[in-house]
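Please find below a short note in numbered points.

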Amino acid sequence: MSQRTVCRLSLLLAVLVVVLLSPSFSAAQETSPAIPHPLEGRDLCLDCHETGVGGAPTRPEDHVGRTNDICRACHQPAPEAGAIPAASVPLPVPHPLERRENCLSCHVAPGPTAIPVGGPPVIPHPLIGRENCLACHQDGIGEAPRVPDDHAGRTSDICQACHQPSQLPAAPTPVPPTEPLPTPIVHPKAQGVNTCVDCHATLGGKHANITVEWQRSIHAERDVSCADCHGGDPSATTVDAAMSPAAGYIGLPAKVDIPALCASCHADVSLMRQYDLPTDQYAKYKESIHGIRLAAGDNNVTTCFDCHGGHQILKANDPASTVYRSNSPQLCASCHSDKALMAPYGIATDQFDLYRKSVHGRALLDNQDFRAPNCATCHGTHGAAPPGFQEVANVCGSCHTATQDYYLKGPHASAGLAGPKCITCHGRYDVSEPDESLYLETEARHCGSCHTPDSQPGQVAQALYDDITSAAAAYDKAEAAVQRAKGLGMLVSSQESRLREANTEIITARAAQHTLDTAIVRKKIDDATAIAGEVETSADAAVVESAFRRRMMIVAVMAIAVTIVALLLLRRQLDRQAAAKS
Amino acid sequence: MGARKSMVLRVWDWLEGRYQVRSMMEGLLHVEIPRTARTYYFGGLTLFFFMVQAITGILLAIYYQPTPEAAYGSILFIMNQVNFGWLIRSIHAWSANLMIIYCVFHLLRVFFQAAYKPPRELTWVVGVLLLLLTLGFGFTGYLLPWDQRAYWATTVGSEAAGALPLVGEKLLVFLRGGTTVTARTLSRFFGTHVLVLPLAFAGVLLVHLVLLHVQGLADPTRKVGAETAPETDIGPTAKAGPQKRGGLLPFFPNYVLDEFIAWYVMLAVLIILVSLRPVGLAEPADPLVTPEHIKPEWYFLFVYQFFKVVPRVVGVLVPIIGGFLLLLLPFLDRNPHAEPRRRPFAIIAGVVTVIVIVAFSIWGLLS
């Protein structure tokens with residue numbers, strides 16, 4: 001082949017390559033559209049182009065597997081991108097999509113909802129007891145901002161999709177101007193006489209009953225009489241004089257005035273000091289949902305009178321008092337289980353029924369175990385939902401401190417709001433006795449309801465189950481051995497003491513499993529199992545010792561029996577001798 | 001063997017030459033008792049249990065440490081470490097209960113046989129004192145293990161003293177060595193239990209036995225009265241006529257042998273009890289944790305229950321008055337007859353009292 005021929009063939013080949021490659025080149029040019037929007041804050045292309053949020057073109061199928069960092073290898077910003085008016089391009093979704101899959105639950109109005117500068121306002125207050133956002137924000141009760149008009153139709157359960165609880169320390173609340181404390185009713189004093197009681201006692205019926213009730217009250221004991229709450233002149237001998245407005249008589253106090261009336265004494269530090277009573281009930285009450293609603297004109301809410309009674313007010317630690325620790329759940333339920341009463345507020349009414357069957361309810365109401373919480377333990381007494389309880393884990397953790405510490409170290413706590421809380425697995429009002437079945441089953445509140453058995457968390461659950469049940473079995477075996485020895489009358493207090501140590505290790509392991517760290521749990525389980533084994537050996541030895549003692553008892557009793565027989569024979573001989581003599 | 005026997009005889013002769021032991025022993029042992037007397041060996045068994053208590057108590061005192069910090073631990077040490085410590089302590093505890101039981105049986109026997117009537121009034125009075133001292137042993141000894149049961153039973157028991165009018169508060173502080181049961185209570189209870197009461201008991205017991213020896217056992221079939229008593233009352237100085245000789249039994253060796261057989265039977269019972277039910281120990285005493293059910297020992301249950309159902313003053317005064325009536329019974333009961341059918345009021349009163357005490361005790365136990 002001549003050199004000329006080679007040159008011609010090379011040229012032909014080059015032309016052929018150019019011709020063949022040119023369509024694909026031009027096609028590539030066509031499928032790599034320019035980026036029509038500014039790129040600032042939009043580094044993660046797939047956030048929008050994966051699903052086509054907001055009208056963004058979805059990623060073609062042949063782009064599967066490509067990641068955010070290579071998009072711009074082909075797609076370049078359009079030269080005019082910066083000039084495109086922002087409003088003409090769908091805005092990227094400015095928030096995570098988890099729990100916000102249904103856009104229309106918020107975006108009810110056409111077009112995007114205007115988001116205030118800096119994002120949706122955060123929730124500046126604790127959420128405990130305030131799950132029903134619209135209870136306050138619908139009408140703007142207290143200082144709660146009213147729901148904006150463009151939020152019409154939204155319900156309480158979606159507020160947190162945009163409005164997150166403040167994770168930062170709460171901004172200092174503006175100190176309201178100091179409000180003067182309510183002052184007691186001014187009325188003439190009576191020394192040693194109370195004509196109100198004298199007269200009402202003769203009227204019979206409810207008039208007489210209230211005098212009897214008052215006489216049983218702590219107020220009567222402390223010399224707080226009718227006029228202190230109703231005004232009037234308790235020394236007057238005529239009805240007109242006694243119930244004269246000039247004597248400060250107010251009659252039946254209006255419901256809205258009752259907290260201040262009670263506070264006129266109970267918020268007075270100098271007056272209450274002698275009784276060692278707190279004086280912040282009024283301040284707390286005003287901050288509570290009850291107080292806020294009362295101030296807004298809602299007369300359905302409870303006041304001092306409704307919980308403590310009117311005339312027969314007893315000390316809170318008097319078992320007959322309605323606010324006595326074991327009586328208060330029933331007291332709260334008297335309103336909160338009333339469907340008609342609760343209907344306007346959209347509040348559930350089954351809390352007491354659930355609580356009554358719970359481990360807490362049974363401990364307090366059936367066993368009178370005052371370590372168990374009542375409604376007020378979690379919700380507060382005068383100030384429902386006390387400040388500082390950022391989330392329910394803190395509420396439970398105020399008693400279950402060790403468990404809380406372990407939980408906070410675990411991945412469930414690290415997951416933040418999305419992670420399971422105490423109530424996710426244990427329930428809220430209907431807290432049940434936890435057992436190892438929680439690890440395995442798949443129904444609600446069990447590990448299996450979120451994690452499949454073959455997943456890594458599912459395997460952790462299985463490992464925790466195996467460890468804790470094996471230690472519990474070793475403990476049961478040791479306890480049975482101790483009981484066997486005890487039943488034989490052996491002194492096993494040291495074994496029982498060690499057994500308690502083993503139980504403590506198991507209890508600690510059950511608390512530590514909230515870390516979901518099997519190594520931490522296994523260490524405690526190993527300790528518990530070792531102690532249980534040692535106790536079982538020792539208790540078995542006591543059983544053997546008991547059997548030995550009983551064998552020795554038989555020997556001793558037989559020796560005594562032989563001695564007795566010998567003495568009886570001797571006596572018989574003496575009797576014969578005596579008979580022979582006579 | 002023969003050498004040893006001669007040695008014994010030589011020692012006996014040595015003693016006889018100096019102290020006339022033979023005549024002394026004859027004076028003590030060679031007395032006669034009426035064949036109609038039915039003692040059921042109750043008094044002798046009480047003496048047996050007292051001796052058991054003395055011996056086991058001394059052994060326990062060697063290891064026991066009477067301080068709140070050490071008491072419980074020392075009991076555990078006795079039970080778990082000391083050779084036969086569990087046996088000694090269990091015998092001490094069981095024997096204490098049996099001693100009280102037989103003391104009461106002895107008292108009831110004497111009451112229903114009218115053996116307290118003249119001329120044995122003082123023997124009865126001294127015997128009732130022995131019963132009170134025995135209860136004192138029980139009360140003071142119960143605290144010594146310093147476990148929860150001991151601590152709180154003593155707290156409740158001593159609380160009763162505080163209900164006495166006028167002197168109650170002072171008596172309470174005197175008993176406890178303060179307002180509550182503390183280390184001072186433990187040390188004074190221990191001192192009382194191992195020094196004061198044993199010495200007092202031994203002294204009163206000696207008087208009881210001397211009076212018994214001087215007057216002999218009462219014949220339940222006798223007629224009480226100055227004109228008839230010398231004929232039927234038997235003792236070393238009794239001048240029983242020859243016609244009554246057939247109605248007498250030599251104290252030694254016949255009665256002593258019977259007594260020994262009874263003692264051996266009770267020794268066997270003790271061994272069976274301690275082997276099957278050795279004495280336990282509750283949790284260590286904790287003044288800050290009040291147990292749910294605090295009850296005293298069974299022999300104080302009737303007082304405890306009575307205390308619960310009547311006003312405090314009545315609850316404490318009635319047992320005290322009852323104790324005085326019991327003590328002075330021989331001087332209050334003027335009925336000259338000894339046969340039960342001739343003293344129906346006393347028999348009925350005695351039976352009713354026993355039923356009431358048993359009923360209150362069961363009530364207290366079940367409450």
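1. In this predicted model, helices α27(A) and α28(A) cross with a left-handed sense. Helix α27 covers residues 493–512 of chain A, and helix α28 covers residues 518–581 of chain A. Their axes lie 8 Å apart and the packing angle is about 160°. Because angles over 145 degrees are counted in this way, α27(A) is roughly antiparallel to α28(A).

2. The student may wish to locate the residues that form this contact. On α27(A) they include Leu499(A), Ala502(A), Ile506(A) and Ala509(A). On α28(A), among them are Ile520(A), Val521(A), Ile525(A), Ala528(A) and Val535(A). Charged residues take part as well, including Arg498(A) of α27(A) and Lys524(A) of α28(A). By class, the contact comprises 13 nonpolar, six charged and three polar residues.

3. Chain B contains 15 helices and two strands. Of its 367 residues, 35% are buried. Considering the contacts in chain B with a separation of 6 or more, 76% are between residues 24 or more positions apart.

4. How many residues of chain B are in contact with chain A? There are 21 in chain B, and they meet 17 residues of chain A. Two or more residues on the chain B side are given by each of α4 (71–80) and α11 (251–276) of chain B. Helix α11(B) provides the largest share, with 14 residues.

5. The composition of this side of chain B also deserves attention. The residues of chain B that touch chain A divide into 15 nonpolar, four polar and two charged.

Methods
Residues numbered from 1 in each chain as written. Chains lettered and ligands numbered in written order. Predicted model: local features only at pLDDT ≥ 70, side-chain atom pairs only at ≥ 80, totals over all residues. Axes fitted to C-alpha atoms, helices over the stretch in contact; angles between N-to-C directions. Helix = DSSP H or I, 4+ residues; strand = E, 2+ residues; numbered from the N terminus. Parallel < 35°, antiparallel > 145°, perpendicular 65-115°, else oblique. Left-handed = near helix turned anticlockwise from the far one by under 90°. Contact = placed C-beta atoms within 7 Å. Buried ≥ 20, exposed ≤ 12 C-beta atoms within 10 Å, placed from the backbone.
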